[in-house]
Amino acid sequence: MTQVGAGLGLIVPAARDQVAGWDTWRRVRHTFVPAPVRTLRQWRAMTPLERSAFDLHRMATHANLPLLDTPMSRTVDRLLSARIRTNAFKAKPSTRAGVMISGGGYQGKTETTCGIVAAFEDSWRALHHQVHPDASPGTRDLWVPVAYVQTPVTAKPKSTCKAILNFYGAPTKNLDLPDLIRQVATSLTDHGTKVLVLDDITRLRMHRADDQDTLDLIRAFMSMNVTLVLIGVDIPASGLLREGRLDVAPRQSVLPPSRHATAHGLEATQTERRSTSSNSTASATTPTNRSPPGPLISPAWNRPSG
C-alpha cells in the first residue's frame, strides 16, 4: 500500500498475494490518518481550495472506515492467535492443527484474518529482533513469517502450488506436481513461514477429480510445520475437507447463514478425529491468548464488510 497525497491520507491498496505487497500492507496498515473534525463554522471559514481538500479527505475517511470489534470477533481473534502462537513455538515434527474461517460473503473474514496474522508477524519479528532466526549461515534468506495466497479460480493441485510459489516469486516452469509440492515445502522452510493463509478455499469443488486430490495436498501442507488457515464461504456445506477435519456438525444459530461465521479446527487425520470427538466443542469464553484453543471453534460473529 503506497501513500498518495500525504495531506489527504489517500492510499492505493497493495497486492497482498505477493511478498512485497504483503509486507508493505502489514507495515502501513495502521498509518491512515482520518480527516479531523470540523464544525460547520470552521468549514465555511475555509478557502475554496481548503474546503475542497477537506471534503476529499472526509470522503477518503468514509471509504476507509476500520472494522469494528465485537465480543465474538475478539473471541475469534483470541482463539486464532492462540492456535498460531502455539504452533509457532512447537518444536516437535508432528502435524500442526489448522483453522478454517467460514461464513457468508462480505462479513470481513479476510480482513479479520489478515489483521490477526499480521499482528502475529509483527510480534514474531520483534521477538527475534527483526532477524531471521533460521537463516542459513553465510546467507540472507528472505524472511516471510506469513504467506497470504488467493486460491485460483479453477483450483487444482498444480495451480494451488503455483499460487503459493508465486507469492514467494519462486520459479514454477516445467515442474510436475511432486516437484511443485517439494518446492512449496522448501519455500515455506527456507523463508521461515509459520502461517499459510489460503483465501477463497471454497473455489475447490468436490465433484471434480482434481479437487479430491487437493484434499491430500492440503493435508500435505499441514505436515510442513506451518499453521494452515483456510477462509471460505460456508465451508461445511461445500463438503470440503470432510475427511480432514473434526467430523462434527456446525453449531445451530438463530441467525440466517448469510449473517454468521464460524471458525473450525482443522485436524490432519481420521485417527485424531476419533480421539477428540468426545471433546469436539470448545466454549467461546474458555481459551485465552496464552492457552491452546480447543479442537473446534464455532462462535457466531457479525462484522461490517471489509
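Colleague: Is Cys-114 buried or exposed?
Modeller: Cys-114 counts as buried because its relative accessibility is 1%, where buried means under 20% relative accessible area, exposed means over 50% and partly exposed lies in between, with a 1.4 Å probe and protein chains only. Please keep in mind that this is a predicted model, in which local features need pLDDT of at least 70 and side-chain atom pairs count only at pLDDT 80 or more, while totals for chains, interfaces and linings use all residues. Residues are numbered from 1 along each chain as its sequence is written, and side-chain values use heavy atoms, with hydrogens and water left out.

Colleague: And Cys-161, buried or exposed?
Modeller: Cys-161 is buried, with a relative accessible area of 0%.

Colleague: How many disulfides are there?
Modeller: A search of the whole structure gives zero disulfides, taking a disulfide as a pair of cysteine sulfur atoms within 2.5 Å.

Colleague: OK, zooming out, what's the secondary structure?
Modeller: The protein has ten helices and seven strands, where helices (H or I, at least four residues) and strands (E, at least two) are DSSP runs numbered from the N terminus. Of its 306 residues, 43% count as buried. Among the contacts with a separation of 6 or more, 74% come from residues 24 or more positions apart, contact meaning heavy atoms within 4.5 Å.

Colleague: Back to Cys-114, which helix contact does it belong to?
Modeller: Cys-114 is one of the α5 residues that meet α1, along with Glu-111, Gly-115, Val-117, Ala-118, Glu-121, Asp-122 and Arg-125, and on the α1 side they face Trp-22, Asp-23, Trp-25 and Arg-26. Helix α1 (residues 19–28) and helix α5 (residues 109–127) pack at an angle of about 85 degrees, and their axes are 10 Å apart; axes are lines fitted to C-alpha atoms, for helices over the stretch in contact, and angles run from 0 to 180 degrees between N-to-C directions. α1 is therefore roughly perpendicular to α5, given that 65 to 115 degrees counts as roughly perpendicular, under 35 as roughly parallel, over 145 as roughly antiparallel and the rest as oblique. By class, this contact of α1 with α5 has five nonpolar, one polar and six charged residues, with Ala, Val, Leu, Ile, Met, Phe, Trp, Tyr, Cys and Pro counted as nonpolar, Asp, Glu, Lys and Arg as charged, and the others, Gly among them, as polar.

Colleague: What about α6 and α7, at what angle do they pack?
Modeller: Helix α6 (residues 157–168) and helix α7 (residues 177–190) pack at about 30 degrees with their axes 9 Å apart, so α6 and α7 are roughly parallel to each other. The residues in contact include Cys-161, Ile-164 and Leu-165 of α6 and Leu-180, Ile-181 and Val-184 of α7. By class, the contact of α6 with α7 has ten nonpolar, two polar and two charged residues.

Colleague: Switching to loops, where does Tyr-106 lie?
Modeller: Tyr-106 lies in the loop between β3 (98–103) and α5, and Tyr-106 counts as exposed, at 75% relative accessibility. Tyr-106 and Val-233 are 127 residues apart in sequence, and their C-alpha atoms are 9.6 Å apart in space.

Colleague: And Ser-94, where is that?
Modeller: Ser-94 is in the loop between α4 (71–89) and β3, and Ser-94 is partly exposed, with a relative accessible area of 36%. Ser-94 and Ser-223 are 129 residues apart in sequence and 7.2 Å apart in space, C-alpha to C-alpha.
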